Amino acid sequence: MMTKRIFSALLAAALSLSLLAGCGSTSGSTASSAADGPQRYSTVFYDVFDTVTQVIAYCDSEEEFTAQMDALHADLVEYNQLYDIYNDYDGVTNIKTINDNAGTAPVTVDDKILGMLELAQTMYDTTGGKLNIALGSVLNIWHNYREAALADDNDSNNQLPTQEELDAAAQHCDIANLIIDEDAKTVYLADPAMSLDVGSVGKGYAVEQAAQAAEARGLTSALISVGGNLRAIGTKPDGSQWVGGVENPWGDDPAYIQAVELADGDSLVISGDYQRYYVVDGVRYHHLIDPATLWPAAYFDGVSVLAPDSGVADCLTTGLFCLPLEEGKQLVESLDGVEALWCTTDGEVVTSSGWSEHTN
């Protein structure tokens with residue numbers, strides 16, 4: 001089934017990361033002696049944000065690495081539950097709880113939800129509404145059609161939503177109806193037919209916060225990848241920067257079209273039309289929906305963003321995917337510390353003015 005193929009591709013991408021991240025490293029295996037300084041360790045887990053997570057880190061001992069990874073994993077599991085829109089968890093008030101109470105009552109939430117939602121509101125303004133977590137009613141329609149298609153091995157049975165049902169859902173996507181009371185720590189959806197979908201910000205925000213917590217616990221050298229959301233901590237022991245790769249959206253030869261150096265705190269986030277999609281009559285319909293048309297955005301096959309904050313980078317990949325190239329370039333050039341690479345539908349690679357300073 002296609003779901004298995006997508007998972008296999010994600011696993012292959014995660015494993016490829018270890019090779020790319022090791023480029024240029026002169027230190028390196030878990031077999032090195034303590035006299036050689038920090039040793040290289042890696043781990044992979046599969047139970048957060050419906051994707052593959054890999055972490056490569058240098059630590060003084062396996063015990064230190066294990067303790068750091070246990071704490072990092074616990075943080076990501078917590079964020080995954082808080083930002084879930086489909087599942088309930090015992091004792092957890094999450095985004096689904098907020099959606100379930102739309103038009104009924106404010107919901108008291110954790111600061112981890114408040115911070116993420118406030119970033120999403122800011123990025124809504126930054127992207128001119130192209131990043132809109134209030135688009136949940138529209139995105140849910142696409143989700144249901146996609147899931148039905150992926151559950152059926154016969155592509156000829158796949159269906160598309162009608163413009164009429166998308167237009168009806170779009171009447172309930174006004175982000176002004178997302179009411180946040182910072183003092184009371186509550187969130188209220190004023191439209192009872194409204195729902196939040198934080199897939200465009202939640203994972204990136206979680207990676208950033210989890211990385212900062214790991215740094216506070218003493219982790220000094222690591223590269224975290226959560227489904228391709230890369231976040232660097234420090235440098236490698238030899239002083240070289242971590243290296244991430246921009247996936248080739250047009251095939252697997254080569255698997256990566258560019259290597260990107262990540263300074264301490266940098267994040268590289270990539271969105272593409274090849275990551276989550278289904279096929280109808282030979283046409284691929286991906287998950288990045290343009291709020292202006294309510295259909296998959298048609299400007300690019302891939303957008304990569306390098307930024308000093310993983311949550312911001314995550315929001316921008318979605319926002320830029322739904323903006324024409326020139327408008328997107330103007331936006332990126334207006335933001336401090338942000339660079340981007342666009343893979344256009346006609347096979348062209350375009351970068352922002354400072355992107356090349358981070359390639360090798």
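## Salt bridges in the whole structure

How many salt bridges does a search of the whole structure find? The search finds nine, a salt bridge being a side-chain nitrogen of Lys or Arg within 4 Å of a carboxyl oxygen of Asp or Glu.

Before we go on, a word on the basis: this is a predicted model, where local features need pLDDT of at least 70 and side-chain atom pairs count only at pLDDT 80 or more, while totals for chains, interfaces and linings use all residues. Residues are numbered from 1 along each chain as its sequence is written, and side-chain values use heavy atoms, with hydrogens and water left out.

Asp88 and Lys96 form a salt bridge, with 3.1 Å between the closest N and O atoms. Asp88 is exposed at 53% relative accessible area, whereas Lys96 is buried at 16% (buried means under 20% relative accessible area, exposed over 50%, partly exposed in between, with a 1.4 Å probe and protein chains only). A network of salt bridges links Asp88, Lys96 and Asp100.

Lys185 meets Asp111 in a salt bridge, at 2.8 Å from N to O. Lys185 lies in the loop between β4 (178-181) and β5 (186-189), and Asp111 in helix α4 (residues 111-126), 74 residues apart. Helices (H or I, at least four residues) and strands (E, at least two) are DSSP runs, numbered from the N terminus. Lys185 is partly exposed at 34%, and Asp111 is partly exposed at 46%.

Lys130 and Asp290 also meet in a salt bridge, at 2.9 Å from N to O. This pair links distant parts of the chain, 160 residues apart. Both Lys130 and Asp290 are buried.
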